[in-house]
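Please examine the sequence and the structure shown below. The paragraphs that follow lead through selected features in turn.

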Amino acid sequence: GAAPAPPQIAADPGSLRYVCSVTGSVRRTVPVEIIDAGIPVTNWGDAPAGRVAEGALTLLLAVLKDLPGRMRTIREGGWAPPAGLVSGLMEGLEVGVYGCGAIGRRFLNMLLPLGPSVRVFDPYAPELPESVKRAGSLEELFRECEAVVIHAGLNNGTRGTVTAELMAMLPDDGMLINTARGEIVDQDALFRELESGRLRAGLDVLCEEPGVSPALPADHPARKWPNLILTAHSLSKPYPASKRLLPMHRLCLENVRAFVEGRPLRFLMDRTRYDRST
């Protein structure tokens, strides 16, 4: 809800020496002119990585095991899962990860001990864990995997890149997990796949219209699709912590102290990082 800083500050900063953002997105509040002027700007860096990665793993396991179907059977008076229930094991599962920044790396640390076969597509990641295969393209990632988990940031290079053609490459009962940004995915194409029952998905995010809440109308049929789990962009939000600071708060305070004391800042924004960020 913060008002954006006027771009004119870049040319006439007055007493402004540093902008410390306690959240991740800075593009809505900090114009690129401030970055280009060399005024230091930091954000929360990898502070949310753990909780977002946990959310993605939660969705992947819940979709893989069809927890909604099992719970529905119990609530409707049954007991044993129905014969047509689709479930699976993490061991040996072909998992593709789109994006390997701070959150993607944390997700891999949680995922790899469970035994899947993992491919990663991220042209900006210089190194990957030894047991992970690098996919040369998104086409390879979707063609070779049973489940794809999205951890890419939203920018001009990623917006709408998960297309109908890519999703068609996933096998029947394939899975798409998204805890990043809804606009990375062609949502209409994904909904067609889900409505047909061919794919499964766990979505913490959807395409959102500015000022419109919720992102999905109350009467939208997607709310009742048995092969879709929606968590309303809340899965990785922690409960209020009145007795302790969250990682984002601690990092903010550390950076303010570092600036006052003349020490290097963590997660400093440059033009390249700014352009790649959501």
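Asp173 is partly exposed, as its relative accessible area is 33%; by definition, buried means under 20% relative accessible area, exposed over 50%, and partly exposed in between, with a 1.4 Å probe and protein chains only. The model is predicted, so local features need pLDDT of at least 70 and side-chain atom pairs count only at pLDDT 80 or more, while totals for chains, interfaces and linings use all residues. Residues are numbered from 1 along each chain as its sequence is written, and side-chain values use heavy atoms, with hydrogens and water left out.

Asp173 is located in the loop between helix 6 (164-169) and strand 7 (175-178). Helices (H or I, at least four residues) and strands (E, at least two) are DSSP runs numbered from the N terminus. The phi angle of Asp173 is near 70°, a positive value in a residue other than glycine. Most residues other than glycine have a negative phi. Ala232 also has a positive phi, near 55°. Ala232 belongs to the loop between strand 9 (228-230) and helix 8, and with a relative accessible area of 69% this residue is exposed.

Consider next how two helices are arranged. Two packed helices are described by the angle between their axes and the distance between the axes. For helix 2 (residues 49-64) and helix 4 (residues 102-111), the axes come within 8 Å and cross at roughly 55°. Such axes are lines fitted to C-alpha atoms, for helices over the stretch in contact, and the angles run from 0 to 180 degrees between N-to-C directions. Helix 2 and helix 4 are therefore oblique to each other, since angles under 35 degrees count as roughly parallel, over 145 as roughly antiparallel, 65 to 115 as roughly perpendicular and the rest as oblique. The crossing of helix 2 and helix 4 is right-handed, a term used when the near helix is turned clockwise from the far one by less than a right angle.

How many salt bridges does a search of the whole structure find? The search finds eight, a salt bridge being a side-chain nitrogen of Lys or Arg within 4 Å of a carboxyl oxygen of Asp or Glu. One of them joins Glu140 to Arg119, with the closest N and O atoms 3.1 Å apart. This pair links distant parts of the chain, since Glu140 is in helix 5 and Arg119 in strand 4 (residues 117-121), 21 residues apart. Arg119 counts as buried, because its relative accessibility is 13%.

Glu193 and Arg198 form a salt bridge in which the closest N and O atoms are 2.8 Å apart. Glu193 is buried, at 14% relative accessible area, and Arg198 counts as buried at 19%. In the salt bridge between Arg263 and Glu261, the closest N and O atoms are 2.9 Å apart. Here Arg263 is partly exposed at 42%, whereas Glu261 counts as exposed at 54%. Asp36, Arg271 and Asp275 are linked in a network of salt bridges.

Helix 5 (residues 138-144) also contains Arg143, which is partly exposed with a relative accessible area of 49%. The C-alpha atoms of Arg143 and Met169 are separated by 5.1 Å, although the two residues are 26 apart along the chain.

Finally, Val260 is found in helix 8 (residues 247-261) and is exposed, at 67% relative accessible area.
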